[in-house]
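Please read this briefing alongside the sequence and the coordinates.

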Amino acid sequence: MATSAAAGAPPSGVMDALRRLRNGDEVARLITLVFASSILLVTVGLIYQLWTTSALPRRQFGFSFLTSSLWNPVSGQFGALPFIYGTVITSVIALLVAVPLGVGAAIFLSELAPAGISSTFTFFIELLAAVPSVIYGVLAIFTLVPLMRDYVEPFLKKTLGLLPIFSGPISGFGYLTAGVILAIMTLPFIISISREALLEVPTEQREAALALGATRWESTWQAVVPYARLGIFGSIFLGLARALGETMAVTMVIGNDPTIHASLFAPGYTIAAIIANEFSEATGDLQLQSLVGLGLVLFLLTIVINAMARLLIIATTRRGSSNP
Amino acid sequence: MKKNLWLGALGALVVLLTVAEAKVMINAAGATFPNPIYGKWIEEFAKVNPDAQINYQSIGSGGGIRQFTEGTVDFGASDMPMTDEQIAKFKNKPMHFPTVLGGIVPSYNIPGMTQDLKFTPEALAGIYLGKIKKWNDPEMSKANPGVKLPDNEIVVVHRSDGSGTSFVFTDYLSKVSPEWKSKVGSSTSVSWPVGLGGKGNEGVSGVVKQTPYSIGYVELIYALQNKMAYGFLRNAAGEYLKADLESVTEAAAAAAKDMPADFRVSITNQLGKKAYPISTFTWLLIPSKIDDAAKKKAIVGFLHWMLTDGQKYTGSLGYAPLPKSVVANEEKQIALIK
Amino acid sequence: MTLRNYWRKTLSYVMLSLTGVCAVVAVCMLFLLLGYLVYNGWRSVDWDFFTKLPKSPGETGGGMANAIVGSVQSVLLATLAGLPVGFMAGIYLSEFGGKTFAFLIRYMADLLNGVPSIVIGIFAYAVVVVPMHVNSALAGGFALALMLIPITARSTEQFMNSVPQTLREGALALGASKWKTIATVVVPAAYRGIATGMILGVARIAGETAPLLFTSGTSNYMSSGFTQPTASLPVMIYYRATAPWEDWHRQAWAAGMVLLLLVLLANIAARLILARGIAVQK
């Protein structure tokens, strides 16, 4: 136990009291330190576990694990490419749908809506963010899949069917549907964080643009939004990180086919979905460890995206606070 | 403070609810193929033997074998008999107990189709290889003269999880299509040339039921219970048959005569005139040595019950009962459990 | 007005209306989707749902009493393990942390927060299920606790930091030791925010499915303790929704509605607590 050397020579009773007080603080510090270190322990343990339990495919396939597109448990060949492809494609679709919608809504809520409507809308949208993934999945199976299968995808095929991404058989299960449900799940994050970023833009920016004769829209789009762009990008990356790791809603609508397809109507697979489906019954160590290897890839991917998101959001707040 | 009080009260309630009676809890996992009848059996067995609780998790044969091997369940279930390599992982060689016979049917969803379609082995293989892409393909029209087949693309559905049903289906396809055998092979988990994956017999029938122009292979009861259409399949003797009690029992008849001692046998594509080509036994995987006396008593009791009273429930659920000779041999095997 | 100015004005009007449309679409989606869920769930839920055990596939009736109890078990375990750890860690980060170590912990907590829940499930499987040789509520609770700890730690830290330094200085000037200050002055000042963070965290893990898939497994029986496979509401919903039987779909709707209402109620309660707290502080 650390004891402080008391400056001077106070009477012994006070010395004892001081020592006890000091120890109390030290004890408190140590206790909370131990709990805080558990976070460190868990994270390190997690990374270690993922790394060691995926040693077999790394040794056997090396780098080609990431580039091979063959997932065949019978012949013992496992490649990660179809899943990385599926994860990336569905997330890209999600962003393509959610970003315009989300940033648009955020602009409306921060610039145009009266404060009452803005906060009510935001309240409801933030509730959307708390809805569990499996519930989105249930809704997707019974509402989105028939919608895509019977209306949206045939329409896209009829009008844009010449493009390879809109060709092929339609079942309602596939990359496009998964992307759309991911978009719905990512939307609340983008709206909420972009709105906050936009609210932090000082009114001088807006007023200056208007004073120079800009229309309301021009002042918003050319003065306010660029000012908040770091925070908006941060929200996009955050949404992306969430979309990459999303498991249940995706696995219920993606069709579970470990092949790379050009068409968005085709069934596919994401990393999270195949782990959810095959983990509890992987036959043989190689398959199990390949799944863990996939988990490691996903983990690394989300770390990178999350880090970028945080950097962007920190940069906004720092920049915002440094302004007079 | 108040929050802690509430938490404490809730915790006490939960503990009270759960540490209720000291029943023997037996965990099992495996094939989705016999899930409906195992569920029924467990329910009925509990009436005769109330202090054993058997919890069966329907996760697919692949999962059943894996969990059984790892020891996370007390017994497993599979439509694919364990391979020699899988058995080699055990210290004490596990036992296979056939439970019922069942048939796998080509179930499809074609809006407005009132007649049952006929499938040739070539058609089925072609569809699953991705070579036959539309319902009105010549191979299908040939087998179904006079039927107006739609010009729509076939949505193929297979299993996404490790499945004994997949094993039996691909085993059949390997026997009737050399191309399938060389390109894909047979196993619980293969690299499917086309199609989407559903999880379990439940998942495949779920997808086929709600997706127009789709086709999927499922155990008969799933098609029956969900009022899904399923087709005739041409067998090795040239007859078009639907899976039912007689045709599935017929498929097992020949195999019953020379059943190997460990009961591991495939009965797909049998030569019998009325034999349904995609028939199969399904097995319970039982350890040959059970240390826990209470669990052993419950499992042995369940096995005996299954071979006698249990067989009575097969008909109403679309499965066929075991041949008498097989039952007799299984009773002998039960005695060998230490 | 010149043509160009007409164009600019019209563009402005159109674009701004579009943003309004975006906002309306976003909120409408919420109401439509969740309304549909509540509508279907309301038609399907009955007293049996809360009291009966599930029936074998193909049979109608039965309920999800075991899933509800199982979920309560896992969430309770996670709460008992995760909240105190997260709370203490948060206090460390805001009150005691030095420069580098605290930064490291903070970074790790954010890292852990961002880990996909399925990967947490893999870790819990390797650490709890494999040595125990059985799926259990313990493993499920462990996985959920791992998710709860970083959330709680960061939100506790955030709200502790928002307490004005003057409060602390005042207490210290009166002769209180640091830990006494924390315990009797700072924490009570921040308790609304901390409680909000805790409630939101628990609501979040209550809805998680992926980490439970291969840790607590499934069961058709009422749970018999913490070391056996246990049903849970989200996992049941998943299996029921992907099956073909209409009755199982019905049950998925009912369970989904119950889960959703619980999560939403917790969220609304938490926000109200926080809002009132801020009003009081002002």
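The points below are grouped by topic, after a short note on the model and its numbering.

This is a predicted model, in which local features need pLDDT of at least 70 and side-chain atom pairs count only at pLDDT 80 or more, whereas totals for chains, interfaces and linings use all residues. Residues are numbered from 1 along each chain as its sequence is written, and chains are lettered from A and ligands numbered from 1 in the order in which they are written.

**Chain B**

- Chain B holds 13 helices and 12 strands, where helices (H or I, at least four residues) and strands (E, at least two) are DSSP runs numbered from the N terminus.
- Along its principal axes, the C-alpha trace of chain B spans about 70 × 60 × 35 Å.
- Of the 338 residues of chain B, 54% count as buried, a residue being buried if 20 or more other C-beta atoms, placed from the backbone, lie within 10 Å of its own.
- Among the contacts in chain B with a separation of 6 or more, 74% join residues 24 or more positions apart, with two residues in contact if their C-beta atoms, placed from the backbone, lie within 7 Å.

**A sheet in chain B**

- In chain B, 3 strands form an open sheet in the order 5-10-11 with mixed pairing, and two strands pair if DSSP finds at least two bridges between them.
- The edge strands of this sheet, each pairing on one side only, are strand 5 (118-119) and strand 11 (240-241) of chain B.
- Strand 5 of chain B pairs in the parallel sense with strand 10 (residues 232-234) of chain B over 2 bridges, and B:Phe232 in strand 10 is the bridge partner of B:Lys118.

**Chain C**

- Chain C has 11 helices and 0 strands.
- With a radius of gyration of 24 Å, well over the 19 Å that the globule rule gives for 282 residues, chain C is more spread out than a compact globule.
- Buried residues make up 56% of the 282 residues in chain C.

**Contact between chains A and C**

- The contact takes 66 residues from chain A and 69 residues from chain C.
- On the side of chain A that touches chain C, helix 1 (residues 12-52) of chain A gives the largest share, 17 residues.

Methods: Buried ≥ 20, exposed ≤ 12 C-beta atoms within 10 Å, placed from the backbone. Rg over C-alpha atoms; globule rule 2.2 N^0.38 Å.
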